[in-house]
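Dear colleague,

I am passing on the structure we spoke about, and I would be glad if you could look through it alongside the notes below.

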Amino acid sequence: MKNQKIGTVCVQSGYRPKNGEPRQVPIVQSTTFKYDTGDDMAALFNLEAEGYFYSRLQNPTCDTVAAKICELEGGTAAMLTSSGQAANFFAVFNIANSGDHVVSVSSIYGGTFNLFSVTMKKMNIDFTFVAPDCSDEELEAAFKPNTKAVFGETVANPALRVLDIERFANAAHAHGVPLIVDNTFATPINCRPFEFGADIVTHSTTKYMDGHGSAIGGAIVDSGRFDWLAHKEKFPGLTTPDDSYHGITYAEKFGKEGAFITKATAQLMRDFGCTQSPQSAFYLNLGLESLEVRMKRHTENGLRVAKFLEGCKNVTWVEYPDLETSRDYKLCKKYLPNGSCGVVSFGVKGGRDAAESFMRRLKLCSIVTHVADARTCCLHPASTTHRQMSDAELEAAGVLPDLIRLSCGLENAEDIIEDIRQALGE
Ligand SMILES: *Cc1c(COP(=O)(O)O)cnc(C)c1O
């Protein structure tokens with residue numbers, strides 16, 4: 001069946017058992033796969049035949065779940081990774097090498113910011129960070145002859161800035177490079193970045209996709225639209241023979257639809273081994289089955305909590321893109337018409353200390369370094385996830401010292417609101 005609604009894809013896609021096969025996705029807990037002849041195996045190693053040989057590269061359970069995520073995003077190929085960090089690292093490193101440059105939006109997840117500005121910098125990959133609402137001149141000035149990609153998050157964690165995907169995609173394409181979008185917070189239920197011109201989508205599946213705090217994981221999806229061969233000199237890794245893989249030229253052998261993911265699997269997964277375990281992929285698939293149902297509730301709860309916070313005297317500001325008062329309200333309506341996510345950021349009157357005492361008074365909402373969970377959770381980034389960043393870097397990332405990041409779970413909104421009310425002393 002073609003053109004199924006996204007809620008149906010969540011439940012049914014990926015694994016389609018044949019007659020007499022298990023109804024639930026089988027967990028193929030095997031490192032390796034058996035073949036009758038050496039020639040059978042050689043064809044696999046040459047990427048001439050399809051099949052499995054070693055779970056560091058590919059595993060049937062993981063592939064089934066990747067296929068579901070691929071369909072949810074409307075892509076042509078996808079892979080799972082061990083974490084969201086691995087997904088973003090692979091997505092960028094698959095096309096940017098030592099001596100290259102990447103333009104990134106500054107309001108991104110703290111872990112990704114570190115990956116780019118510290119670790120990948122040590123690999124001699126240079127990043128220029130631009131504000132999500134930078135001027136056209138600033139955006140244009142960020143590009144260099146060696147720029148290989150543009151990176152941003154649909155809804156930034158924790159700044160909750162909404163990416164103007166079309167604008168950043170147009171800028172990237174004008175310079176002959178792809179736009180990579182981390183779609184973790186929106187999920188394909190609330191936004192499908194490919195529909196607005198993004199080329200590669202990444203996910204921390206640890207968040208809403210798993211949704212129950214069960215398994216760390218990541219995913220990369222390719223739209224199959226970026227024409228690597230049209231910019232041959234920029235992307236030699238995809239457009240010239242890979243000596244470490246029998247001289248294969250990925251863009252020629254696998255086309256626009258498959259080159260990016262095949263290279264990331266054959267080269268990066270082979271060498272770095274950031275594989276998702278089949279067991280984790282199984283948990284992820286359980287989460288995906290209810291993703292549409294859960295995102296509706298997370299988003300409804302987010303809006304109710306945000307509206308409540310707006311009326312609190314001990315709250316200095318509230319950031320939630322769906323609020324009419326949000327600076328990104330227009331972008332939210334365009335890219336996330338059904339709502340953004342369940343995460344609300346706000347400032348507690350009294351700054352850093354008041355924010356910390358608010359956290360101590362919470363009863364229902366739990367303090368964890370996690371978001372997008374079935375249970376409402378709460379974090380003070382300046383003293384935890386973002387503590388390595390300077391005040392200037394914090395500001396650029398949109399994270400103020402009094403910022404509380406509240407991730408609304410699936411509980412009844414009235415109970416969440418009551419807990420916040422008592423902790424704020426309203
Ligand atoms: C959590 C997160 C990541 C990192 O994912 P892990 O699964 O924790 O490695 C990357 N991007 C965003 C937007 C995130 O929220």
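What follows is a description of the chain as a whole, then of the ligand site, the strands and a few individual residues.

Please bear in mind that this is a predicted model, in which local features need pLDDT of at least 70 and side-chain atom pairs count only at pLDDT 80 or more, while totals for chains, interfaces and linings use all residues. Residues are numbered from 1 along each chain as its sequence is written, and side-chain values use heavy atoms, with hydrogens and water left out.

The protein chain holds 16 helices and twelve strands, where helices (H or I, at least four residues) and strands (E, at least two) are DSSP runs numbered from the N terminus. The radius of gyration, taken over C-alpha atoms, is 22 Å, which agrees with the value near 22 Å that a compact globule of 426 residues would have by the rule of 2.2 Å times the number of residues to the power 0.38. Along the principal axes, the C-alpha atoms fill a box of roughly 70 × 55 × 35 Å. Of the 426 residues, 56% count as buried, meaning under 20% relative accessible area, with exposed over 50% and partly exposed in between (1.4 Å probe, protein chains only).

Turning to the ligand, 15 residues surround it, the closest being Asn157, Asp182, Ser204, Thr206 and Lys207; a residue belongs here if one of its heavy atoms lies within 4 Å. By class, this shell has two nonpolar, ten polar and three charged residues, with Ala, Val, Leu, Ile, Met, Phe, Trp, Tyr, Cys and Pro counted as nonpolar, Asp, Glu, Lys and Arg as charged, and the others, Gly among them, as polar. Helix α4 (residues 84-93) gives the most to the shell, with three residues. An oxygen atom of the ligand lies 2.9 Å from a backbone N or O atom of glycine 84, and a backbone N or O atom of glutamine 85 is likewise 2.9 Å from a ligand oxygen. For lysine 207, an N or O atom of the side chain is 2.6 Å from an oxygen atom of the ligand. Taken alone the ligand exposes 380 Å², of which the protein buries 93% (Shrake-Rupley method, 1.4 Å probe).

Among the strands, β1 (residues 77-81) is mostly covered, since five of its five residues are buried. Ala77, Met79 and Thr81 point one way from β1, whereas Ala78 and Leu80 point the other way. Strand β1 pairs with β7 (residues 218-222) in the antiparallel sense over five bridges, pairing being called where DSSP finds at least two bridges between two strands. Within this pair, methionine 79 stands opposite isoleucine 220.

There is also an open sheet of five strands in the order β8-β9-β12-β11-β10, with mixed pairing. Strands β8 (315-319) and β10 (366-367) stand at its edges with a single partner strand each, so one side of each is left without a neighbour in the sheet.

Finally, some single residues deserve a look. Histidine 203, in strand β6 (residues 200-204), counts as buried at 1% relative accessibility, and its side chain makes a polar contact of 2.7 Å with that of glutamate 73 (a pair of N or O atoms within 3.5 Å; within protein, one must be able to donate a hydrogen and the other to accept it, and residues adjacent in sequence count only if both atoms are side-chain atoms). The peptide bond from asparagine 157 to proline 158 is cis, with omega near 0°.

With best wishes
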